[in-house]
Amino acid sequence: MSKSRIIIALCCVVFFFGKMNISAQAKLATKQENKLIQPPYLKAGDTVAIVAPSGILKNRTDEIEQAKALLKSWNLNVVVGKHVFSQANHFAGTDDERCEDFQKALDDPKIKAIWCARGGYGTVRILDKLDYTKFNKKPKWIIGYSDITALHNQVHNEGFQSIHAMMCVSLTDDKVGLEDTISTFKDAIFGNSLSYTLKGSKYNREGNATAPLVGGNLTVLHTMLGSKTSIDVSGKILFIEEIGEYEYHIDRMLQSLKRAGYFDNCKGVIVGDITKVRKNTTAWGKPVEQLIIDALAEYNFPIAFNMPAGHEKDNRAMIFGRTVELKVGKDNSTLNFNNNK
């Protein structure tokens with residue numbers, strides 16, 4: 001074969017495989033742009049599993065009983081994981097026991113939602129033990145906040161929506177201050193519309209964005225970096241909340257996320273409750289709102305403060321993976337969830 005024919009043949013091969021590669025990349029991009037799958041909303045007669053993938057539930061039987069009563073008042077059936085009240089030092093049972101309960105709930109087709117009893121710490125220790133094969137065929141809502149952010153990340157990367165909302169230990173005898181927390185939780189699981197008007201803030205960065213909502217606890221999002229459970233925030237709106245951290249810890253986490261490219265194509269940030277900020281010997285010198293604005297100064301997406309979600313009694317439900325419309329002003333902000341019911 002002449003040299004010219006060899007060159008032509010090689011060019012054809014390069015063109016063919018290059019076209020295949022571009023096609024594969026286009027398919028991947030299309031898949032990533034597709035809306036996350038919405039598990040079926042609950043209806044009367046459905047069953048909810050209460051499980052404890054994280055911290056110990058010592059002396060918390062009253063709260064679990066109240067959670068069961070709440071679900072039953074909505075005509076839902078309840079099953080409680082075998083190991084919910086198990087104790088293994090810091091955790092609600094060993095890693096294997098907590099994983100067993102969660103896996104059973106994932107696999108059981110009769111269970112339509114998995115409600116986490118509490119957060120704390122421990123979910124990350126079972127993430128890599130979980131198998132989503134049956135869940136992918138019959139998805140269900142996974143509900144919780146704080147340490148449950150790790151599961152929200154994992155479910156998001158599996159391609160499904162989940163619910164950031166109250167947990168069983170949020171309940172108290174009188175339920176004073178929990179009215180909106182409970183009602184929005186109910187709205188979220190039964191498919192009623194969710195729409196919030198947030199109190200204004202002088203720190204708000206004005207603007208509008210429409211994109212899927214992701215996020216959760218800042219510490220957990222930070223600890224997921226570099227793992228297969230880290231989420232891609234590109235083209236999305238990020239929600240963050242935190243409790244019990246020093247301001248310099250919050251800044252350090254935001255700087256780490258920023259250096260990892262977390263915010264490069266982010267469409268907006270919603271800041272929930274950042275509570276019980278610890279006092280450092282050397283004061284940070286600025287309020288936490290200014291800290292966040294300073295850390296994200298190089299970006300031009302809108303930033304809304306005062307989302308009532310996180311570690312306070314008023315913890316409004318949000319659907320992660322759902323497209324939301326965010327409008328941020330100084331006087332107030334609005335957050336509307338597109339209803340796919």
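Q: Is Arg-98 buried or exposed?
A: Arg-98 has a relative accessibility of 1%. Buried means under 20% relative accessible area, exposed means over 50%, and partly exposed lies in between (1.4 Å probe, protein chains only). At 1%, Arg-98 therefore counts as buried.

Q: What kind of model is this, and which pLDDT do side-chain atom pairs need?
A: Numbering starts from 1 along each chain as its sequence is written, and side-chain values use heavy atoms, with hydrogens and water left out. This is a predicted model: totals for chains, interfaces and linings use all residues, local features need pLDDT of at least 70, and side-chain atom pairs count only at pLDDT 80 or more.

Q: How many helices and strands does the chain have?
A: Both kinds of element are DSSP runs numbered from the N terminus: helices are H or I with at least four residues, strands are E with at least two. Counted this way, the chain has 9 helices and 13 strands.

Q: What share of the residues in the chain is buried?
A: The chain has 341 residues. It exposes about 16,400 Å², and carbon and sulfur atoms supply 50% of that area. Such areas come from the Shrake-Rupley method with a 1.4 Å probe; for residues, only the protein chains shown count as cover. The buried share of the residues is 52%.

Q: Among contacts between residues at least 6 apart in sequence, what percentage joins residues at least 24 apart?
A: Contact means heavy atoms within 4.5 Å. Take the contacts between residues at least 6 apart in sequence; the part that joins residues at least 24 apart is 79%.

Q: Which residues are linked with Arg-98 in a network of salt bridges?
A: A salt bridge is a side-chain nitrogen of Lys or Arg within 4 Å of a carboxyl oxygen of Asp or Glu. Side chains of opposite charge can pair when their charged atoms come close. The network joins Arg-98 with Asp-95 and Arg-125.

Q: How far apart are N and O in the salt bridge of Asp-95 and Arg-125?
A: The side chains of Asp-95 and Arg-125 meet at 3.0 Å, N to O. This pair links distant parts of the chain: Asp-95 is in helix α3, Arg-125 is in the loop between β3 (111–116) and α4 (133–137), and they are 30 residues apart. Asp-95 is buried at 18% relative accessibility, while Arg-125 is partly exposed at 38%. The N to O distance is 3.0 Å.

Q: Which residue forms a salt bridge with Lys-110?
A: Lys-110 is exposed, because its relative accessible area is 58%. The closest N and O atoms are 3.3 Å apart, and the partner is Asp-108.

Q: How many salt bridges does the structure hold?
A: One of them pairs Arg-316 with Asp-314 at 2.5 Å, N to O. Arg-316 is buried at 17% relative accessible area, and Asp-314 is partly exposed at 24%. The structure's total is 12.

Q: Which elements pack against the buried residues of α9?
A: Helix α9 covers residues 288–295, and its buried residues are Val-288, Leu-291, Ile-292, Ile-293 and Ala-295. They pack against α8 (247–259), β9 (268–275) and β10 (303–304).

Q: How far apart in space are Ile-163 and Gly-321, C-alpha to C-alpha?
A: Ile-163 lies in strand β5 and is buried, because its relative accessibility is 0%. Leaving aside neighbours within four places in sequence, its contacts include Trp-141, His-152, Ile-189 and Met-318. Ile-163 and Gly-321 are 158 residues apart in sequence, but their C-alpha separation is 8.9 Å.

Q: Which strand holds Thr-323?
A: Thr-323 counts as buried at 18% relative accessibility. Beyond residues up to four places away in sequence, it touches several others, among them Thr-210, Pro-212 and Phe-337. The strand, residues 323–328, is β12.
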